[in-house]
Amino acid sequence: MILEFESYLEKADYAVDLGNSAYKDVYKERIFREYFLMKDDEYDLYSGYLNQDEFAELEQLVMYGRKKYNANYSAEITNNG
């Protein structure tokens, strides 16, 4: 199911690239945010199934997204615990 959702997001991103909407940047950001959230879940739940190269690529994307969106799990743990 994750691969299917990833495919939909990649197709949506490609469609935005082909379009000429004035809101292109907004659409691209929304698509990336959803893609990042999916990849973050993949990183947390399924990274053990990846080879070293796949893991390194995934980790790079996830760390970039966490920094971009200021998504820090330690802050969530502190606030809840």
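**Salt bridges, rings and a surface patch**

Start with K28, which forms a salt bridge with D17. The closest N and O atoms are 2.8 Å apart. A salt bridge here is a side-chain nitrogen of Lys or Arg within 4 Å of a carboxyl oxygen of Asp or Glu. K28 lies in helix 2 and D17 in helix 1, so this pair ties together parts that are eleven residues apart in sequence. Helices are DSSP runs of H or I with at least four residues, strands are runs of E with at least two, and numbering starts at the N terminus.

A word on the model before I go on. It is predicted, so local features need pLDDT of at least 70 and side-chain atom pairs count only at pLDDT 80 or more, while totals for chains, interfaces and linings use all residues. Residues are numbered from 1 along each chain as its sequence is written, and side-chain values use heavy atoms, leaving out hydrogens and water.

Back to K28. Which other residue does K28 bridge to? D13, with the closest N and O atoms 2.7 Å apart. K28 is in helix 2 and D13 in helix 1, so here the linked parts are 15 residues apart in sequence.

K28 has a relative accessible area of 25%, so K28 is partly exposed. Buried means under 20%, exposed means over 50%, and partly exposed is in between, with a 1.4 Å probe and protein chains only. D13 is partly exposed at 24%. D17 is partly exposed too, at 39%. Elsewhere, salt bridges that share partners join E6, K39 and E42 into one network.

Let's look at that network. The side chains of E6 and K39 meet in a salt bridge of 3.2 Å, N to O. This pair links distant parts of the chain: E6 sits in helix 1, residues 2–18, and K39 in helix 2, 33 residues apart. E6 is at 12% relative accessibility, so E6 counts as buried. K39 is at 9%, and therefore also counts as buried. In total, the structure holds seven salt bridges.

Next, helix 2 itself. How many residues does helix 2 have? It has 23, running over residues 24–46. From first C-alpha to last, helix 2 reaches 32 Å, close to the 33 Å expected at 1.5 Å a residue. That expected span is 1.5 Å times one less than the number of residues. The buried residues of helix 2 are I31, Y35, F36, M38, K39, D40, E42 and Y43. Keep one general point in mind. An α-helix has 3.6 residues a turn, so residues three or four places apart point the same way.

Now the aromatic rings. Rings of Phe, Tyr and Trp (its six-membered ring) pair if their centres lie within 6.5 Å; planes under 30 degrees apart count as stacked, over 60 as edge-to-face, and the rest as tilted. By this rule there are five aromatic pairs. Take F32 and Y64: their ring centres are 5.9 Å apart and their planes lie at 70 degrees, so the pair is edge-to-face. F32 is in helix 2 and Y64 in helix 3, residues 52–68, so to speak distant parts of the chain, 32 residues apart. Y64 is partly exposed, at 48%.

Compare Y43 and F55. Their centres are 5.6 Å apart and their planes at 15 degrees, so this pair is stacked. It links helix 2, through Y43, to helix 3, through F55, twelve residues apart. Y43 counts as buried because its relative accessibility is 14%. F55 is partly exposed at 27%. One aromatic cluster is formed by F32, F36, Y64 and Y69.

Which residues make the nonpolar patch? Y23, V26 and Y27 do, with about 300 Å². Patch residues have over 30% relative accessible area and no salt bridge; like charges are joined within 9 Å, and nonpolar side chains (Val, Leu, Ile, Met, Phe, Trp, Tyr) within 5 Å. Y27 lies in helix 2. At 35% relative accessibility, Y27 counts as partly exposed.

Last, the whole protein. It has four helices and zero strands. Along the sequence, the pattern is α-α-α-α. Of the 81 residues, 20% are buried. The protein exposes about 6500 Å², and carbon and sulfur atoms supply 53% of it. Those areas come from the Shrake-Rupley method with a 1.4 Å probe; for residues, only the protein chains shown count as cover. Among contacts (heavy atoms within 4.5 Å) between residues at least 6 apart in sequence, 51% join residues at least 24 apart.
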